Amino acid sequence: MTARSTTVAIVGAGPAGLVLAHLLRRAGVDAAVHERLSRAELEGTARAGVLEHRVVEHLRGLGLADRLVAEGQRHGRCEISCLGERVTVDYGALSGGAQHWVYPQQLLVRDLVAAYEADGGTIAFSSPVAAVAPDGAGRPVLRTADGELRAAWAVGCEGAHGPVAAAFPDRAEGVARRYPYDWLTVLARIDRPVAAVRYAVHADGFAGMMPRTAEVGRFYLEVPAGERLEDWDAARIRGELGRRLDLAGTDPRPGELLETGVLRMRGRVARRMRHGRLLLAGDAAHTVTPSGAKGLNSAVADVVDLAGALLQDLDGDGDGSALDGYQQRRLAAAWRTQEFSDGLLDLLHLPAGLPPEQREFALRLRLERIHRIARPGPEATAFARAYAGAGELRAAEVWAPAQLTTVASGATPR
Ligand code: PHB
């Protein structure tokens, strides 16, 4: 087996790894992408589906969103039900025009892979990286089934437990919180499209109904932490969704359940996104709960910044300081994202262990908060902008150091 070498080794071909690979390729930087899953597995795994305004604008600018824009759907409203009231939050209007795009992640991945290959790039599928370790000069050496891969930089875009994160001092575990509940996750056939994200704040627990495609919807049910999936058969899931979401005649109904799971709800932010010549992006650096749909979006925001920082380093004196800037900006952004997601979770769930006779009080407080984010005003504007991802993603190269303070204090999570 031959030892190969590249400038940037990218581990993981999810949206973060693929967008980074595109950006580097267009800048003429040599990169090698390794993905542990086969192409069919990667392109067939249903995950997120709600893309922020600024992420789509960025992909559009790169010419990577043709199909997304042609086939995806724009969503600018969500509904939050509580105590029999259904409140519409017109966040598209409240944010001054920023809306989400709904387009399943696996289709975005398929498009990004196709465009990368059409550009002459190659992705090593079914090619896990077993370990990453520095050579004598501190440069990463990746152990793959095809032999060693030597790189100037290795970027972990491989989710929370990948080999690049494993080479960080604390395995990039960082600072974490386990929430006192889990979410049952359901992908189900529906008889009509989900017109708007629906959140139900309910005495028996949160439920959510999210759009994916015309035939398939994503549903969530709050369950006690540690709940076993075996305790939830299809009839119980459908019954509970119908009750908590208060599904009426005109609402979509979950039919065949295509996939069910239990998501252990936790938030986590690594203490570092750079360790020597190792870098982390997306879930490898931070895990955010699905609340607010920020995971995929913040991963793409990470790599847009990272591509600029890598180019600065490769074009400049290569002292790595540009990558420290990446870490500083993106850790700050990761905490803003956690705060947003955690705030929404707090709105959507009742405090743990609240006795039944105290639940109405907690629900009434939540209904007040729901009205506040639905009614035009500073709080509604801030929520809407953060939720829809208003503004734009920026590469590190356009950020002068003086701008860092402004960025760090901005209200919108990236
Ligand atoms: C989702 O589409 O899975 C989704 C959307 C909005 C949320 C949470 C999840 O707040």
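Biologist: Why is Glu 256 called partly exposed?

Modeller: Its relative accessible area is 48%, and partly exposed is the band between buried (under 20%) and exposed (over 50%), using a 1.4 Å probe and protein chains only. So Glu 256 counts as partly exposed. Bear in mind that this is a predicted model, where local features need pLDDT of at least 70, side-chain atom pairs count only at pLDDT 80 or more, and totals for chains, interfaces and linings use all residues. Residues are numbered from 1 along each chain as its sequence is written, and side-chain values use heavy atoms, with hydrogens and water left out.

Biologist: What makes Glu 256 and Arg 189 a salt bridge?

Modeller: Their closest N and O atoms are 3.1 Å apart. A salt bridge needs a side-chain nitrogen of Lys or Arg within 4 Å of a carboxyl oxygen of Asp or Glu, so Glu 256 and Arg 189 form one.

Biologist: How do you know whether Asp 111 is buried or exposed?

Modeller: Asp 111 has 13% relative accessibility, so it counts as buried. Its salt-bridge partner is Arg 110, at 3.2 Å between the closest N and O atoms; Arg 110, at 23%, counts as partly exposed.

Biologist: Which residues are linked in a network of salt bridges?

Modeller: Glu 79, Arg 86, Arg 198 and Asp 251. The salt-bridge count comes to 30.
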